[in-house]
Amino acid sequence: MQRIPEILVGFDQADDAGVYRLTDKLALVQTVDFFSPIVDDAFAFGQIAAVNALSDIYAMGGTPLTALSIVGFPEGVAGPGVLREIIEGGLDKLNECAVALLGGHSVKDEEIKFGYAVTGTVDPARILQNSAARVGDRVLLTKRLGTGLIATASKRDQAEAAHVERAVRSMLETNRKAAEIVSGFDVRAMTDISGFGLIGHAVEVARASNLTIEFDHKRLPILDGALDYSAKGYRAGGLNNNRDFFSPHVSWKGTISEDHQGILFDPQTSGGLLIFVSETNCAGLIDALGSEDIVVCEVGIARTLDDTCIHIF
């Protein structure tokens, strides 16, 4: 990490975004995210890409303000109407979250890629970092898991339409309201669940905070159909990569089926927030999130560090 005192959060702890201090009361929070289509509908793909990019800012406790689009587009393969729908879909979600689109950059590419670089602000005293979880914190998860499994099954024409519809609906939900509610509680650490899956992002928090996180796999919220697709082997390459990379940091307590293990390592797109909240504030935060119809489950607890970062029982 560069030795610049204004850098409050760099890339050393694998946080969701970087933070640069402007004053004692104001800091910039910045992130970038783009990917290839996860759904067939161009407008929905643009929406999901925007929600996914904005989520990193919310996960840091920040407020997104501006965005720059990043586009890779194949010439002669997809017409300009497709690109227009993608851009309009992204703008729809930026407008929903009061984020100004200032421009962007496009290049020719062999496959479609789309996303945003997003800038927001955060109070330096209220940054939510991977390194700030505490022993005894209850671990909450918003949004259901399994988008990667459902998307993979869909690409192979093996997913039920209702399952795909629910997964898309989840990916279209921004984390804006959840993050606003979290700001009123004793929460110091939070991350969003994306490409590294639940286990990968939990490992990052555990390592940065020097503790062990214990998950109850039976309490995990899971999208309809995801367990079935996991059992049938509809697993993206990213899931297998996550398993290979993060398994050394996981201990399994009892019998956890291969189907459930697939859920834990499944790479998510536009996933929910993993929230570390004090025991005394846990019930109140769950009630507050639930009152806004936000999916929320208490899925684990932070323990004193032992032989591994993550215990699954």
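# Close-up views of a predicted protein model

**View 1. Helix α3 and its packing partners.** The buried residues of α3 pack against α4, α7 (226-231), α8 and α9 (258-265). Here, buried means under 20% relative accessible area, exposed over 50%, and partly exposed in between (1.4 Å probe, protein chains only). Helices (H or I, at least four residues) and strands (E, at least two) are DSSP runs, numbered from the N terminus. The model is predicted, so local features need pLDDT of at least 70 and side-chain atom pairs count only at pLDDT 80 or more, while totals for chains, interfaces and linings use all residues. Residues are numbered from 1 along each chain as its sequence is written, and side-chain values use heavy atoms, with hydrogens and water left out. Seven of the nine residues of α3 are buried, so this helix is largely enclosed by the rest of the structure. The buried ones are Thr147, Gly148, Leu149, Ile150, Ala151, Thr152 and Ala153. Just after α3, Asp157 takes a positive phi of about 60°.

**View 2. The whole protein.** The protein has ten helices and 13 strands. Its radius of gyration is 19 Å, close to the 20 Å that the globule rule gives for 313 residues, so the protein is as compact as a globular protein of that length. This radius is taken over C-alpha atoms, and the globule rule is 2.2 Å times the number of residues to the power 0.38. Along its principal axes, the C-alpha trace spans about 55 × 55 × 40 Å. Buried residues make up 52% of the 313 residues. Contact means heavy atoms within 4.5 Å. Among contacts between residues at least 6 apart in sequence, 85% join residues at least 24 apart.

**View 3. The largest nonpolar core.** A nonpolar core is a set of buried Ala, Val, Leu, Ile, Met, Phe, Trp, Tyr and Cys residues joined through side-chain atoms within 4.5 Å. The largest one has 39 residues. Those with the most contacts inside it are Ile199, Ile213, Phe215, Leu274 and Ile310. Helix α6 (residues 197-209) gives the largest share of this core, six residues. Apart from this core lies another, of 37 residues, among them Ala49, Phe73, Phe114 and Ile127. In soluble globular proteins, nonpolar side chains tend to be buried together.

**View 4. Around Phe215.** Neighbours within four places in sequence are left aside here. Phe215 is then in contact with Val139, Leu198, Ala202, Leu274, Val299, Gly300, Ile310, His311, Ile312 and Phe313.

**View 5. Ala27 and Val122.** Ala27 has its place in strand β3, and Val122 is found in strand β6 (residues 113-122). They are 95 residues apart along the chain, yet 5.4 Å separates their C-alpha atoms. Ala27 counts as buried, at 0% relative accessibility. Val122 also counts as buried, at 5%. Leaving aside neighbours within four places in sequence, the contacts of Ala27 include Leu8, Val19, Tyr20 and Pro124. With residues up to four places away not counted, Val122 touches Val19, Lys25, Leu26, Ala27, Val29, Met60, Gly61, Gly62 and Ile127.

View 6. A pocket is an open set of points on a 1 Å grid over the protein atoms alone, with protein on both sides within 12 Å along at least five of seven lines. Lining residues have an atom within 4 Å of a point. Grid points are joined across faces, edges and corners, and a volume is the space filled by probe spheres set on the points. About 820 Å³ of space lies in the largest pocket. Of the 39 residues that line it, the closest to its centre are Val32, Asp33, Asp56, Ser194 and Gly195. Strand β3 gives the largest share of the lining, six residues. By class, the lining divides into 16 nonpolar, 17 polar and six charged residues. Ala, Val, Leu, Ile, Met, Phe, Trp, Tyr, Cys and Pro count as nonpolar, Asp, Glu, Lys and Arg as charged, and the others, Gly among them, as polar.

**View 7. The largest cavity.** A cavity is a set of grid points where a 1.4 Å probe fits but cannot get out. By this rule, the count is one cavity of 30 Å³ or more. About 30 Å³ of space lies in the largest cavity. Its lining consists of Leu141, Thr142, Lys143, Arg144, Leu145, Ile193, Gln268, Gly271 and Gly272.
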